[in-house]
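Hi,

Here is the structure I said I'd pass on.

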Amino acid sequence: MKSDLNLLALEVGAKTGACYAGNFNGRNISINKLHGFFTEQTDLCGIKYWNIFGLIGEIQNSIKKFIRYKAGDISGFGVNMFGSDFGLIDANGALLGVPQSFLKPEKQDLGSVYAKIHPSELFARTGSAGSYYNSVFELDRRVASGDIALKNTENLLFLPDLISYFLTGEKGCEYTYAATSLLLSIKTKEWDKRILERLSIPESILQKPEQPGRIRGELLQCIAQPLAVSSFPVISVASHSTASAAIATPAKKGTLFICGKAWSLIGFQTETPVLTDEAYDARIVYEGGAFGKFNAVTAVPGIGLLQSYISELILEGEEITLEEMAAKAEEEEEFCSVVNFSHREFFNKGRLFEAVKKFCKISNQVVPETKGELAKCVFLSLALKIKSAVAELEKIRGEKTENIYLTDKAAQSDYFCRLIADATGAMVTAKCHGGAALGNLIMQCTALGEIKGETEAKEIAETSGEEKVYLPKETEKFESLFEIYKKIYDIDI
């Protein structure tokens with residue numbers, strides 16, 4: 001076993017990205033954030049495009065910073081992302097247009113796919129009933145419109161695979177990200193021929209899905225030489241960020257993980273998906289995972305709601321941080337109005353305070369008037385939504401939740417972590433660095449032969465990275481709040 005691996009992990013979100021330096025010493029992995037950047041897509045004529053060339057530039061910047069940060073060669077590199085987007089490659093190996101983003105101004109029309117494949121059948125075949133970001137809907141739209149780029153496509157590459165292709169010249173298809181397309185059979189983990197046939201999507205453009213933890217290729221010399229670095233392996237990790245975050249969750253009984261930013265995904269790992277009517281009705285999604293597992297997840301609004309509001313305040317000239325908003329919330333000891341953030345009213349960007357006031361007024365609750373009261377309402381409501389989601393997952397799993405591992409932005413708020421522990425009655429462990437980055441690094445070590453299988457990977461995850469632990473203290477208070485929350489959940493505003 002090699003005693004010292006120096007690794008790079010790229011994590012790409014819808015608005016921001018980061019590159020982490022990881023060091024594996026044979027026992028655990030240390031992580032340091034090297035470089036952060038913005039990834040916001042460009043909106044042109046109603047279509048949002050990824051700045052794919054900018055992402056390659058950020059990788060080059062990260063390599064430069066790594067060289068300054070640490071002496072020695074880079075042992076490996078891997079990328080994980082959220083979403084289900086792709087690029088198209090022609091017969092000459094050239095990119096056909098700029099990859100589009102699922103974050104379109106207008107959400108995808110799901111009806112065309114559902115007219116050919118009922119949501120319940122889609123769930124039974126793929127593990128998900130579908131949402132606007134799944135690439136099956138974008139591909140169906142392109143087929144129906146006679147998209148010229150699609151007609152001239154030799155290979156479809158999902159974005160992490162596209163980045164690896166630009167870095168190595170090697171094409172491939174990583175399973176966990178491909179599974180989010182809803183074109184893979186949940187039973188065989190291969191392309192679902194019936195779905196492809198019904199939607200007239202040519203299977204010939206799709207690469208054979210491969211399990212994560214494999215070396216895709218070596219960094220091309222045309223990239224390595226200008227940076228004055230030795231070529232290094234580019235690794236196909238669990239490239240869907242949820243799958244990477246799940247890897248970093250220790251294998252303890254009754255454990256859930258929470259990952260994500262604007263939205264949070266709450267879930268657990270399982271060997272066998274439960275494709276029942278109850279799971280379908282609860283909107284449970286079974287995503288592809290590493291080591292032969294599936295990740296059973298459900299989505300809830302995340303702390304990004306409050307961060308978007310903070311961004312608005314900063315644009316208006318008021319400097320305030322998430323920690324300061326949490327402090328203001330904690331000062332409002334008596335305020336306890338709550339709202340349902342799953343309501344469409346809260347999806348309108350830039351109207352958080354107004355929508356919260358409106359909801360509280362109609363539901364006959366105290367209307368927040370200060371930023372502290374607003375923050376308290378947001379934190380409480382999000383914690384209660386998590387409590388509700390945990391209850392749904394417990395029904396499907398048949399197991400009480402004892403531990404929750406936070407690997408997203410929520411882990412950065414001490415106040416919110418305490419609220420989640422009190423709301424759910426579970427011990428909450430907050431990873432101070434992104435869990436997805438840790439999962440990325442673990443799979444790199446696996447591909448390089450330094451970590452042998454899931455058991456060892458989980459042991460490494462448990463001993464790696466800084467973390468804080470929160471025990472539940474005020475569970476009775478949240479039980480009474482939850483009764484109020486359930487009564488106002490279906491209010492129409």
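This is a predicted model: local features need pLDDT of at least 70, side-chain atom pairs count only at pLDDT 80 or more; totals for chains, interfaces and linings use all residues.

Packing first. The largest nonpolar core holds 126 residues, and the members touching the most others are F77, I163, L167, W191, F379, L406 and F416. Helix α15 (residues 371-397) gives this core its largest share, at 14 residues. There is also a second, separate core of 26 residues, with Y20, F24, L438 and I442 among them. As background, nonpolar side chains in soluble globular proteins tend to be buried together.

Next, the second largest pocket. Its space comes to about 310 Å³, and 15 residues line it. Nearest its centre are Y415, R418, L419, D422 and E474. α13 (322-331), α15, α16 (414-424) and α19 (475-488) each give two or more residues to the lining, and the largest share, 4 residues, is from α16. What is the lining like by class? It has 7 nonpolar and 8 charged residues, and no polar ones.

α19 deserves a look of its own. This helix has 14 residues and reaches 20 Å from its first C-alpha to its last, close to the 20 Å expected at 1.5 Å a residue. Which residues of α19 are buried? They are F478, L481, F482, Y485 and I488. An α-helix has 3.6 residues a turn, so residues three or four places apart point the same way. The cover over the buried residues of α19 includes α14 (352-362), α15 and α16.

Cheers

Key:
Residues are numbered from 1 along each chain as its sequence is written. Side-chain values use heavy atoms; hydrogens and water are left out. A nonpolar core is a set of buried Ala, Val, Leu, Ile, Met, Phe, Trp, Tyr and Cys residues joined through side-chain atoms within 4.5 Å. Buried means under 20% relative accessible area, exposed over 50%, partly exposed in between (1.4 Å probe, protein chains only). On a 1 Å grid over the protein atoms alone, a cavity is a set of points where a 1.4 Å probe fits but cannot get out, and a pocket is an open set with protein on both sides within 12 Å along at least five of seven lines; lining residues have an atom within 4 Å of a point. Grid points are joined across faces, edges and corners, and a volume is the space filled by probe spheres set on the points. Ala, Val, Leu, Ile, Met, Phe, Trp, Tyr, Cys and Pro count as nonpolar, Asp, Glu, Lys and Arg as charged, and the others, Gly among them, as polar. The expected span of a helix is 1.5 Å times one less than its number of residues. Contact means heavy atoms within 4.5 Å.
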